[in-house]
Amino acid sequence: MVHYHICWSDSKLDWQAFDTPEDARIEAEKLVLSGESYTIDSFANDCPRCKATLQLGDNPRINREYDIFEQLRDGCPIWRKHAMGLVNTREKLKEIGSTTPNQCFAMYVPTKEIVARVNVKDVEDDD
Ligand SMILES: [Zn+2]
């Protein structure tokens, strides 16, 4: 059946299927970070996103644990915090991002999936 997913501009993350685009948009508005954008896309039966979710073997809507890292200027990410659940993780990420100019990101470590970023800068020229 037709369903909808939020497609984030900067992440392949998708953890939830919605019955209507309105539901998807409401959830997206709760989760969206500044500077981030998304689209709501419709999918039918053969949905790669749902398949990927099934392969993870758990229900991504329940509280997964994420780790938040800060990317230092020399390129080394340092671990900052654990967070449970995507909404909570994004809130913590916003908090941490507001205390540093460095890029911070949240990762679901088992799949190395980056689920959100803040303080993303344009790619700097390396000369
Ligand atoms: Zn799907």
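**Entry 1**

Strands here are DSSP runs of E with at least two residues, and helices are DSSP runs of H or I with at least four residues, numbered from the N terminus. The model is predicted, so I note its limits: local features need pLDDT of at least 70, side-chain atom pairs count only at pLDDT 80 or more, and totals for chains, interfaces and linings use all residues. Residues are numbered from 1 along each chain as its sequence is written.

Next I checked how β5 (residues 103-108) meets β6: 5 bridges join the two, and they run antiparallel. I count two strands as paired if DSSP finds at least two bridges between them.

**Entry 2: the sheet**

I traced an open sheet of 4 strands in the order β4-β3-β5-β6, with antiparallel pairing. Which strands stand at the edges? They are β4 (77-84) and β6 (113-118); each has a single partner strand, so one side of each is left without a neighbour in the sheet. Neighbouring strands are turned by 25° against each other on average, direction ignored. I then turned to helix α3 (residues 86-97), which packs on this sheet and touches β3 (65-71), β4, β5 and β6. The direction of α3 makes about 40° with that of β6. For such angles, axes are lines fitted to C-alpha atoms, for helices over the stretch in contact, and values run from 0 to 180 degrees between N-to-C directions. Contact means C-beta atoms, placed from the backbone, within 7 Å.

**Entry 3: the core**

I looked for the largest nonpolar core and found 13 residues. Ile68, Leu93, Cys104 and Ala106 have the most contacts inside it. At least two residues of this core come from each of β3, α3, β5 and β6. A core is a set of buried Ala, Val, Leu, Ile, Met, Phe, Trp, Tyr and Cys residues joined through C-beta atoms within 7 Å. Buried means 20 or more other C-beta atoms within 10 Å of a residue's own, exposed 12 or fewer, partly exposed in between, with C-beta atoms placed from the backbone. I listed the contacts of Ile68, leaving out residues up to four places away in sequence; among them are Arg80, Thr89, Leu93, Cys104 and Ala106.

**Entry 4: Leu31**

I found Leu31 in helix α1 (residues 21-31). Leu31 counts as partly exposed because it has 18 C-beta neighbours inside 10 Å. Leu31 touches Leu86, Val87 and Arg90, residues up to four places away not counted. Leu31 and Leu86 are 55 residues apart along the chain, yet their C-alpha atoms are separated by 8.3 Å.

**Entry 5: whole chain**

I read the pattern β-α-β-α-β-β-α-β-β along the sequence. Of the 127 residues, 22% count as buried.

Terms used: Two residues are in contact if their C-beta atoms, placed from the backbone, lie within 7 Å.
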